[in-house]
Amino acid sequence: MSVTVDGDKSGSVPDRVRRVLRGPRPEKVPALVGTACTFIGLIDIAAGVFPRFRASRMHAVAEVLPGTFGPLSAALSLSAGVLLLLLAHGLKRHKRRAWRAAVVLLPAGATAQFLYRHSVIGVVLSLALLALLVRHRSEFAALPDPRSRWKALANFVLMGAGSIGLGLVIVSAHPNKVIGSPSLADRLEHVLFGLFGIEGPVGYSGRVDWTVGYSLGALGMLTALTTIYLAFRPEHPAARLTEDDELRLRELLAKHGGRDSLGHFALRRDKGVVFSPSGKAAVTYRVVSGVMLASGDPIGDVEAWPGAIERFMDEAKAHSWTPAVMGCSETGGEVWTRETGLDALELGDEAVVDVADFSLTGRAMRNVRQMVKRIERNGYETRVRRVRDLSDGELERIRRAAADWRGTDNERGFSMALGRIGDPGDGDAVIATAHKAEDPTEAYGDLKAIIHFVPWGTDGMSLELMRRDRSADPGMNELLIVASLQDAPKLGIDRVSLNFAMFRSALARGEKLGAGPVLRLWRGLLVFLSRWFQIESLYKFNAKFRPRWEPRFVVYRSSRELPRIGFAAMQAEGFVNFALPRPFARRRAARQARPCAHLGSGTGEHGVRAA
């Protein structure tokens, strides 16, 4: 795209000169400053650790950088380097607090340069960077990310491990000054003592003892101070649905819930929400690793979608989060790209079965028909009911069974998972269960398998969870889906959304006659990845029921952000998990469930759509 400067598209020499004289574009300043902080931090750390580096020509450059001053230059250089590295990422993300810390650190560094080293160049460099920060202060306005005091524990572990590793390098960086031949255990002991300001077993000749001691003490002090700060600063928890938010969303779904099969999943209580100015539309989201993830289409009136999308983008900009949308429909993708200038990429297809067209007859359904008949002959029976028609005792038994049959330590699902079963507010949800009276178990009686559907408007339902007893016969999921489709007319259901098949079109086209080498290679890679992720298996499972395929898209800002968005989506879906130990996780989940206790138990005993 050409850019017009003063009405001239030619990019003439005067225009280029004016652009140079104006300096870097404001939006590039945070990235420039962050990169400079990273570089200076690494130089400072190297100057503080390696004696040869300090004696080299490169040290002449490091001498004038902030933090390498005074008789304690090694320790101070090390401290400044670590602090600059900690600040660099926040400055790149436009964070206001990182800007404030840098504005305080740079004058202090300039003052120290002048008092201890009388370095005019160091003072000039520090003040020049400070002037750049002050001039472009409006670019550093991003609000803090959601946080909790668990981050203090993570900081203590990571900083402690980093300090020990860097400390071993410091202790070993003076081979000609070491007295004797200390073992690795002695060096490690020296590092651990040094972090607490205690002299260790390793001895050095000359002034190296002081250099190593001050450097280790500085690392220990930084670990302690940053941990104390994170532990005692006010908490800023991640956004959650409030009672009022949930009620407003339910009102929008009652009017417009039939538009998107993923609409009811907006009621997950671990999501935040932004509403359009009119209140007629909303976008729900979760922030994961600095990515603001929305899922599905906006909720509500299509005419009000742009207002909700604008609020979403404003929120992302205010916090310097990366905006992204997972699994929106074609209509939703068109609105998102039109209103925001973002790009869209087809992610896969959703399998939708029209109940009126479903039948077990015909050659194409032979395998499913034979499997269902075999299971029924083995004594299994099915029941398909609304949640409101189940007793409290049966719901509790289903919840416990779903939790025990989960098969993984952490829950999976975000964009197509609700996060609960049997909530009073979800009375229109449908639960299909499989039973075998001849083979009761002590814990769950004759219950052998469960699938859970959430409402999709007034005439549809969307698959949310499938669980089965591992001792039950194969084919439980097929049995219950067929039973749900056959009983759907009794419940007033005309359409059923099944699993989402990622990259379905590539898998389908790649196995056809005449597929090109690139397509076959792409399909081969997807099949290989299916060993760890349910890519091919979900596609084949969905295809058994002869659905129609509805494309789903990911919306993103730039292609270089796709890896980050993909990793955040995997975290949200539960494929990549940094969970706390179970007792702490349960305690935190219980605290998060309390605000919505009036709407249901919030047990979180759910799962992903999986075969």
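This is a predicted model: local features need pLDDT of at least 70, side-chain atom pairs count only at pLDDT 80 or more; totals for chains, interfaces and linings use all residues.
The protein comprises 611 residues, of which 48% count as buried. Its secondary structure consists of 21 helices and 14 strands. The accessible surface amounts to about 30,200 Å², with carbon and sulfur atoms supplying 58% of it. Among contacts between residues at least 6 apart in sequence, 75% join residues at least 24 apart.

In soluble globular proteins, nonpolar side chains tend to be buried together. In the present model, the largest nonpolar core contains 34 residues, and those with the most contacts inside it are Phe358, Ile451, Met476, Ile481, Val496, Leu498 and Phe545. At least two residues of this core are supplied by each of strand E8 (343-354), helix H14 (366-377), strand E10 (430-435), strand E11 (447-456), strand E12 (460-468), helix H16 (476-487) and strand E13 (495-502). The largest share, seven residues, comes from H16. With residues up to four places away in sequence not counted, Ile451 touches Val430, Ile431, Ala432, Leu463, Leu465, Met466, Asn477, Leu480, Ile481 and Ser484. Apart from this core lies another, of 29 residues, which includes Leu253, Val291, Ala324 and Met416.

Strand E12 also holds Ser462. This serine is buried, with a relative accessible area of 0%, a value that falls in the buried class because the cut-off is under 20%. Between Ser462 and Val352 the C-alpha to C-alpha distance is 8.9 Å, although the two are 110 residues apart in sequence.

Helix H12 spans residues 305-319. At 1.5 Å a residue, its 15 residues should span 21 Å, and the end C-alpha atoms are 22 Å apart, which agrees. Within H12, the buried residues are Trp305, Gly307, Ala308, Ile309, Phe312, Ala316 and His319. The cover over the buried residues of H12 includes strands E3 (272-275), E4 (281-288), E5 (291-295), E6 (299-300) and E7 (322-328), together with helix H13 (330-340). Just after H12, a positive phi of about 60 degrees is found at Ser320.

Aromatic contacts were examined next. A pair of aromatic rings is described by the distance of the centres and the angle of the planes. The count comes to five aromatic pairs. In one of them, the ring centres of Tyr285 and Phe312 are 6.3 Å apart and the planes stand at 75 degrees, so the pair is edge-to-face. Because Tyr285 lies in strand E4 and Phe312 in helix H12, this pair ties together parts that are 27 residues apart in sequence. Tyr285 and Phe312 are both buried.

Arg248 is placed over the face of Phe275, at 3.8 Å from the ring centre. The charged end of Arg495 sits over the ring of Trp456, 4.0 Å from its centre.

Key: Residues are numbered from 1 along each chain as its sequence is written. Side-chain values use heavy atoms; hydrogens and water are left out. A nonpolar core is a set of buried Ala, Val, Leu, Ile, Met, Phe, Trp, Tyr and Cys residues joined through side-chain atoms within 4.5 Å. Buried means under 20% relative accessible area, exposed over 50%, partly exposed in between (1.4 Å probe, protein chains only). Helices (H or I, at least four residues) and strands (E, at least two) are DSSP runs, numbered from the N terminus. Contact means heavy atoms within 4.5 Å. The expected span of a helix is 1.5 Å times one less than its number of residues. Accessible areas come from the Shrake-Rupley method with a 1.4 Å probe; for residues, only the protein chains shown count as cover. Rings of Phe, Tyr and Trp (its six-membered ring) pair if their centres lie within 6.5 Å; planes under 30 degrees apart count as stacked, over 60 as edge-to-face and the rest as tilted. A charge sits over a ring if NZ of Lys or CZ of Arg is within 6 Å of the ring centre and within 35 degrees of the ring normal.
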